[in-house]
Amino acid sequence: MVDKRKRKRFYGIKRYFQLLKIYARMDLASLMRDGKFMAIVIIADIVSNISSISGIFLLAWKFGGIGGMDRFEVLFMLAYGNIVMGFLNMMGGCNALFPSRIIGRGQWEHMFIMPVPYAVQLTVGIFPFTGSSSFLSGIGMLWVAVCHMETVMPWWWPGMLILQLIISMVIVVAFSYMFSSLAFYAPVQCEEISSVVVYSMERTMTFPLSGMPMYIRYPLLTIFPAGLMAWFPTMILLGKAATLEGIYPAIFALLISLTATYYFRKGFRYYVKKGINRYVSGGHRS
Amino acid sequence: MISKYMATARMAVQGKMGGGVLYLFPDMIMKAVYLVPVMFIWKTLAESGYEAEMSVSQLLSYTYVNALLADLMVVNTCLSAWDYDTRSMEMFTRPLPVFGQVISRTVGEWIPMLLLFSMPMFLAAPLLKIRILPRTLWVIPSLVLSVSLGFAFEFLFYCVTVRLRNVSWLTYVIRSAVTSFFSGTVIPFKILPFGMDRWIHYQPFGSLGGAFLSLYVGSAEASELIPVQLFWNVVIWIVAAVWFRKSRERMVSFGG
């Protein structure tokens with residue numbers, strides 16, 4: 001019995017990596033089939049990323065920093081945010097980061113008939129070749145920022161960086177899933193709610209909150225946690241936050257994940273009873 | 001003919017308000033969430049004693065007016081939306097020119113937000129110690145030219161969508177990337193480093209919201225900006241109209 005369970009688990013993990021490989025191969029195929037077109041996609045993505053952070057960085061450059069953060073600390077923060085969003089976009093290619101789209105379009109029902117768990121279906125849709133430009137440009141910018149910083153990093157710093165990145169990603173995903181629960185009740189109106197939430201967080205994360213009053217900073221670390229996507233982790237990684245403050249993102253990530261799980265399951269129970277019928281006979285959504 | 005366009009605009013207003021005012025609140029909240037940190041960046045810079053080419057009062061007004069008139073500063077129409085419900089296709093089946101339909105529909109869609117968000121925020125500005133009145137009346141023609149250019153760009157980017165085999169998402173990314181920085185609506189051109197302020201006004205996207213906002217807060221001269229806005233309006237509208245004529249027969253829609 002135990003053997004059978006172990007074998008099943010091993011098969012599950014093996015299948016997961018097989019699926020990742022299949023998606024990666026399909027992505028590579030799309031790149032090879034029409035290289036010119038995909039080059040436009042990749043360049044557009046890179047320009048989009050650079051453009052979204054250039055305003056704040058140019059400001060930091062002009063004024064020698066913003067609110068107690070120097071130029072390269074601001075660049076570090078922007079790069080950190082780019083890595084968080086770049087990785088999520090690369091891994092969540094099939095709308096895994098925007099579940100309200102899947103729910104609102106009635107596509108969650110398609111997932112019922114797939115012979116793999118929901119979590120596997122949502123996380124294997126990767127675009128490592130065509131969707132990694134933001135992630136890679138983030139790593140490049142982070143490298144430049146670290147090389148120009150005067151702070152000497154301890155040996156465990158890279159591990160801390162990876163941990164903080166994971167926590168930030170968990171927060172974004174949990175926040176998106178929490179709001180997406182509304183799409184179970186109002187699929188038409190809330191189809192894009194996750195993208196509104198995530199894109200708003202993405203835009204707001206570029207602001208260095210250092211020097212801002214508490215009544216601005218606290219809401220951006222709790223109610224609308226855009227500050228936990230880049231600014232606060234940057235403060236922790238640069239040693240500018242107190243030791244106890246350092247564990248706040250992890251605690252917040254845990255709490256928001258539990259809340260998101262509760263509401264998502266609640267919404268899902270409603271959905272399996274009511275269902276969603278969005279498609280008109282012509283094939284378009286109503 | 002005008003009454004038909006008015007009817008289209010009225011339908012757009014109804015479409016926007018159809019779910020009730022409650023559904024407009026998330027948009028308003030997100031605008032406010034974005035506005036507040038930007039305004040505090042200016043205050044933080046001022047408190048740090050930095051000297052810029054614009055005063056803090058000008059920077060605050062710039063950001064505030066941009067948030068109030070965000071829809072008009074960089075125009076977004078149904079042409080740049082993700083075309084999953086064949087909205088753009090439908091326009092070709094109606095007995096009105098596509099250009100007029102897009103414009104009247106978009107103007108209609110602006111009205112609820114202008115009434116429910118921009119108007120109260122405009123009235124509340126003095127309470128927040130923000131100078132809200134424009135420094136010159138040249139802002140009126142500048143706003144008209146800016147909005148007009150915004151529509152021209154919409155048609156231009158729509159042609160890009162058609163040529164890129166309807167990958168509207170890609171056009172959306174390209175468009176957002178270019179306009180977010182080069183329109184000058186978020187960071188005023190005047191305070192950019194490396195002498196960028198000397199040339200960046202002259203690129204076509206600079207004649208969108210950035211030109212209007214610079215005149216509004218008095219950080220640029222009308223004699224410098226209005227001719228540039230006029231020039232780009234003529235050029236981009238001609239290119240957009242010709243290219244649209246050539247591209248529209250390639251348009252396809254599969255829904256989604």
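Mentor: Happy to! Keep in mind that this is a predicted model.

Trainee: Which residues does Val84(A) touch, not counting residues up to four places away in sequence?

Mentor: A contact here asks for C-beta atoms within 7 Å. With residues up to four places away in sequence set aside, the partners of Val84(A) are Leu165(A), Ser168(A), Met169(A), Val172(A), Met229(A) and Ala230(A).

Trainee: And which residues touch the most other members of the largest nonpolar core?

Mentor: That core has 127 residues. Its largest share, 15 residues, comes from helix α3 of chain A, residues 71-91. The residues that touch the most other members are Val84(A) and Val172(A).

Trainee: Why does the radius of gyration of chain A agree with a compact globule?

Mentor: The C-alpha trace of chain A spans about 60 × 50 × 45 Å along its principal axes. A compact globule with 286 residues would have a radius of gyration near 19 Å, so the value for chain A agrees with that. That value is 21 Å.

Trainee: What share of the contacts in chain A with a separation of 6 or more comes from residues 24 or more positions apart?

Mentor: For background, 40% of the 286 residues of chain A count as buried. Among contacts with a separation of 6 or more, residues 24 or more positions apart account for 78%.

Trainee: Which residues of α14(A) are buried?

Mentor: Helix α14 of chain A, residues 248-274, reaches 39 Å from its first C-alpha to its last, close to the 39 Å expected. What covers its buried residues includes α8 (157-180) and α13 (231-237) of chain A. An α-helix has 3.6 residues a turn, so residues three or four places apart point the same way. The buried ones in α14(A) are Pro249(A), Ala253(A), Ile256(A) and Ala260(A).

Trainee: Which element gives the most to the side of chain B that touches chain A?

Mentor: In all, 29 residues of chain B are in contact with 29 residues of chain A. The elements of chain B giving two or more residues to that side are α2 (25-47) and α8 (168-182). By class, this side has 22 nonpolar, 6 polar and 1 charged residues. The element that gives the most, with 10 residues, is α2(B).

Key:
Residues numbered from 1 in each chain as written. Chains lettered and ligands numbered in written order. Predicted model: local features only at pLDDT ≥ 70, side-chain atom pairs only at ≥ 80, totals over all residues. Helix = DSSP H or I, 4+ residues; strand = E, 2+ residues; numbered from the N terminus. Expected span 1.5 Å × (residues − 1). Buried ≥ 20, exposed ≤ 12 C-beta atoms within 10 Å, placed from the backbone. Contact = placed C-beta atoms within 7 Å. Nonpolar A, V, L, I, M, F, W, Y, C, P; charged D, E, K, R; others polar. Core = buried A, V, L, I, M, F, W, Y, C linked by C-beta atoms within 7 Å. Rg over C-alpha atoms; globule rule 2.2 N^0.38 Å.
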